[in-house]
Amino acid sequence: MAIDRGLHPAEKVKDYQQRGWWSEETLDQLFAANVASRGSEPALVDPANRQALLGTAPRRLTWDELDSEVTALTARLLELGIGRGDVVGVQLPNAIELAEVYLAAWKIGAVVSPLAMQYREREIETMASEAQFDAFITCSAFGGRSHAVEAQQALAGVGSIKHLFAYGPAEENADLPEGVALISPAPADEADRELVAEQVRRDPNDPNDAVTICWTSGTESTPKAVPRAHLEWIATTWGCVDAPRIVSEDVLLNPFPMINMAALAGMFLPWLRTGCVLVQHHPFDPQTFFGQVMQERITYTVAPPAVLWMLLHNEQLLGAITNSSLTRIGSGSVPLQPAMVKGWQDHGISIINFFGSNEGIGLLSSPEDFPQAEERARYFPRYGTPGKTWSSRVSEWVQLRLVDPTTEEEITEPGIPGELRVGGPTVFAGYLNQERLADPFDDHGFLRTGDLFEIAGEEGQYLRYLDRAKDIIIRGGMNIAPAELEALIAMHPAVLEVAVVGDPDEVMGERVAAVVALRPDITLTLEQLVDFLRERKIASFKLPERLEVVPELPRNPVGKILKRNLRAPASR
C-alpha cells in the first residue's frame with residue numbers, strides 16, 4: 001500500500017512555512033548538502049563489535065563513500081519497482097546498512113518503517129499487515145537468531161509484500177529461505193548514478209511527503225502506526241540540535257535503536273543537520289560503549305538514567321569517562337534524579353533532560369536554560385510563558401496547553417495536575433488508519449499527550465512531569481503520581497532502578513507497590529524503604545505497601561518499563 005502524498009493540509013503547510021516553523025527542505029537534501037560540502041571527511045562508523053554481532057568487520061565511511069553506497073542501493077530499489085509512497089519495513093541493528101536504507105528510501109520517496117530487533121514473528125506480521133509493507137529488509141542473523149528465516153515465516157501471509165531482503169556475509173547465505181534475496185553494500189557505478197539522478201529530477205520529494213512510519217511503544221496496548229513527514233522531523237531536529245549545541249565538529253555515539261524519536265531525532269537527524277560524525281552502537285554493551293567513547297573521541301552521547309546513575313558509583317569507569325572528550329550526555333524517558341544530574345555536572349559533564357514521543361512531543365531542558373542541575377532534572381521549559389525566552393528556536397514554534405482531562409478547562413495556576421496538550425510544527429498529522437482509532441487531537445487541534453504535568457517555578461515558567469495519566473494510582477480517592485515516588489526511591493543507595501505501580505485493593509481501590517532492581521550485594525526491606533521515604537517528608541498515603549525485588553525490570557523493545565507485568569493480581 002503506497003502512502004498518499006501530503007500528510008498535512010496545504011493551508012497548514014503554507015501557514016507554517018510563512019511563519020518560518022517549517023521550511024522547504026527535505027531530509028535527502030540535508031544528506032546531499034553534506035556530501036557536497038564534506039565529501040572526503042568522516043561521516044559514519046560501525047559498532048566496534050560488529051564482527052561478533054553480524055559476522056562482518058566494522059567499517060567507517062566518508063560522506064562520499066556513504067553517498068556511493070546509498071546511490072547503489074537506491075538504484076536496486078528502483079530496478080525492483082520500489083518508489084514513491086511504498087512502505088519498506090526494516091529490522092536491522094544500528095550499523096551502516098541501516099543508515100543507508102533510510103537514506104536510499106528517502107531519496108526516492110519511499111517510507112521506512114523500522115522495527116525493533118527484539119520483535120519476532122507475531123510483531124512483524126502485525127505491523128507489516130497494519131502498514132501494508134511493500135518490501136522488508138533485515139539481516140541474515142543477529143545475536144544467535146536467524147532474522148531472515150523469522151521474517152520469511154512472519155510475512156508469508158502478508159499479501160502486500162513483494163520483496164524480502166537480507167544483509168549478511170555471502171558465504172553464510174547459501175541457506176537463506178526461498179524468497180529471501182541477499183543484499184550487500186556496494187559502490188555505485190555510472191549507470192546507478194544516472195538512474196537515480198534521473199528519478200530525482202523527474203519526481204523530486206515534497207517536504208510534506210511521509211518518510212517514516214514509527215510505532216507507539218505498546219506498553220499497554222497494540223502499537224499504533226505513526227507516519228511523519230520531512231516537515232515535522234526537520235522541525236523536531238532543531239530542538240535536538242539546539243539543546244546540546246551540536247556542531248559539525250562533534251562526534252556522536254548512538255546506543256539507542258534507530259526506530260523512534262530518541263535515536264532518530266536525538267542522534268541520526270542532528271547528524272544529517274550538522275554534518276558531524278555518527279558512531280553507531282547496538283545493542284548496549286558497556287565494555288564496547290566505553291571503549292568507543294575513548295577510541296572515537298566521542299563528544300556527545302545519550303544514555304538511560306539507570307546507566308548514568310550506575311556510572312556515578314563506579315569510580316574506575318567514571319574517571320575514564322570524565323577524563324575523555326565527552327562533554328554532555330542526553331537522557332530521559334523517566335524522571336531524572338537531581339543527585340545524578342548534579343553528580344555529573346560536578347564532574348564537568350552536562351546532562352540534557354529529554355521528554356519526547358513519536359507523535360511530536362519534544363521538551364528539552366538544556367544547561368543553558370537550566371544552569372542549576374537540580375532544576376534541570378526536575379523541570380522542562382514551559383514554552384509560551386509571558387516574558388520568558390528560551391535558547392532553542394523551537395520554543396518560539398511549539399504551543400503548549402495544560403488541561404483538566406475531565407472538564408477540558410485550561411490550567412494556568414501552579415501545582416494543579418493537568419494533561420499536556422501540544423500544537424505546532426513538531427506534531428504529526430495523525431495515525432495510519434486513523435478512522436479505526438480514537439482522535440488524538442482535541443477541539444483546538446492540539447495533540448492529547450496522555451501525560452500529566454503541573455506548572456512550577458516562581459514565574460510559572462516550568463513544567464514538572466507527574467506521570468502518564470493512565471499510570472496514576474488512586475488510593476482512597478487520593479491521586480498518587482508514580483513518577484514522583486520513583487524519583488525519590490531511585491535516590492536510595494540500594495536501588496538501581498524502580499517502577500511504582502498500583503495494586504488492586506477492594507477497600508482502597510489501589511495500594512502503592514514498588515518494584516526494584518538492587519545494586520549488587522545490597523538488600524532492602526519494605527520497612528527500610530518506608531523509613532527512607534518518611535525522611536523525605538512525603539504524605540503517608542503515598543508510602544509503598546508492597547516491595548518486590550527483581551533481577552531487572554521488564555521492558556519493551558524500545559526500553560520502556562512494562563508496568564502491566566508488575567501489578568499484583570486482584571486476589572493477591
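This is a predicted model: local features need pLDDT of at least 70, side-chain atom pairs count only at pLDDT 80 or more; totals for chains, interfaces and linings use all residues.

Student: Okay. Which way do the residues of S9 point, and are they buried or exposed?
Tutor: Ala-225, Pro-227 and Ala-229 point one way from S9. Val-226 and Arg-228 point the other way. All are buried.

Student: What does that say about strand S9 as a whole?
Tutor: Strand S9 covers residues 225-229, and five of the five are buried, so the strand is largely enclosed by the rest of the structure.

Student: Which strand is joined to S9?
Tutor: Strand S8, residues 210-215. Five bridges join S8 to S9, and the two run antiparallel. Cys-214 stands opposite Val-226 in S9.

Student: I clicked on Ile-213. Where is it found?
Tutor: In strand S8. Ile-213 counts as buried because its relative accessibility is 0%.

Student: What is Ile-213 in contact with, leaving aside neighbours within four places in sequence?
Tutor: Its contacts include Ala-225, Val-226 and Pro-227. Also among them are Ile-3, Val-87, Val-111, Ala-131 and Leu-432.

Student: How far is Ile-213 from Lys-342?
Tutor: They are 37 Å apart in space, C-alpha to C-alpha. In sequence, 129 residues separate Ile-213 and Lys-342.

Student: New topic: sheets. What is the strand order in the open sheet of eight strands?
Tutor: The order is S2-S1-S11-S10-S12-S13-S14-S15, and the pairing is mixed.

Student: Which strands are at the edges there?
Tutor: Strand S2 (60-62) and strand S15 (362-365). Each pairs on one side only. Ignoring direction, neighbouring strands of this sheet are turned by 20 degrees against each other on average.

Student: What about S10? Which of its residues are buried?
Tutor: Strand S10 is residues 251-254, and both of its faces are covered. Val-251 and Leu-253 are buried on one side, Leu-252 and Asn-254 on the other.

Student: And how is S10 joined to S11?
Tutor: By four bridges, with the strands running parallel. S11 spans residues 277-280. The bridge partner of Val-251 in S11 is Val-277.

Student: How do S12 and S13 pair?
Tutor: In the parallel sense, over three bridges. S12 is residues 300-302 and S13 is residues 328-332. Tyr-300 has Arg-328 in S13 as its bridge partner.

Student: Now a helix. How many residues of H12 are buried?
Tutor: Six of its eight residues, so to speak mostly covered; helix H12 runs over residues 305-312. The buried ones are Pro-305, Val-307, Leu-308, Trp-309, Leu-311 and Leu-312.

Student: What do those buried residues pack against?
Tutor: Several elements: helix H11 (286-295), helix H13 (315-322), S13, helix H14 (338-346), S14 and strand S23 (495-505).

Student: You mentioned S23. Which open sheet has it?
Tutor: A sheet of three strands, ordered S23-S24-S25, with mixed pairing. S23 and strand S25 (546-549) each have a single partner strand, so one side of each is left without a neighbour in the sheet. The twist averages 25 degrees from one strand to the next.

Student: How many bridges are there between S23 and S24?
Tutor: Ten, in the antiparallel sense. S24 covers residues 509-518. Gly-502 has Val-512 as its bridge partner in S24.

Student: Is Asn-479 buried or exposed?
Tutor: Asn-479 counts as exposed, because its relative accessibility is 55%. Asn-479 is found in strand S22, residues 478-480. Leaving aside neighbours within four places in sequence, Asn-479 is in contact with Ile-472, Ile-473, Ile-474 and Phe-541.

Methods
Residues are numbered from 1 along each chain as its sequence is written. Side-chain values use heavy atoms; hydrogens and water are left out. Two strands pair if DSSP finds at least two bridges between them. Axes are lines fitted to C-alpha atoms, for helices over the stretch in contact, and angles run from 0 to 180 degrees between N-to-C directions. Buried means under 20% relative accessible area, exposed over 50%, partly exposed in between (1.4 Å probe, protein chains only). Contact means heavy atoms within 4.5 Å.
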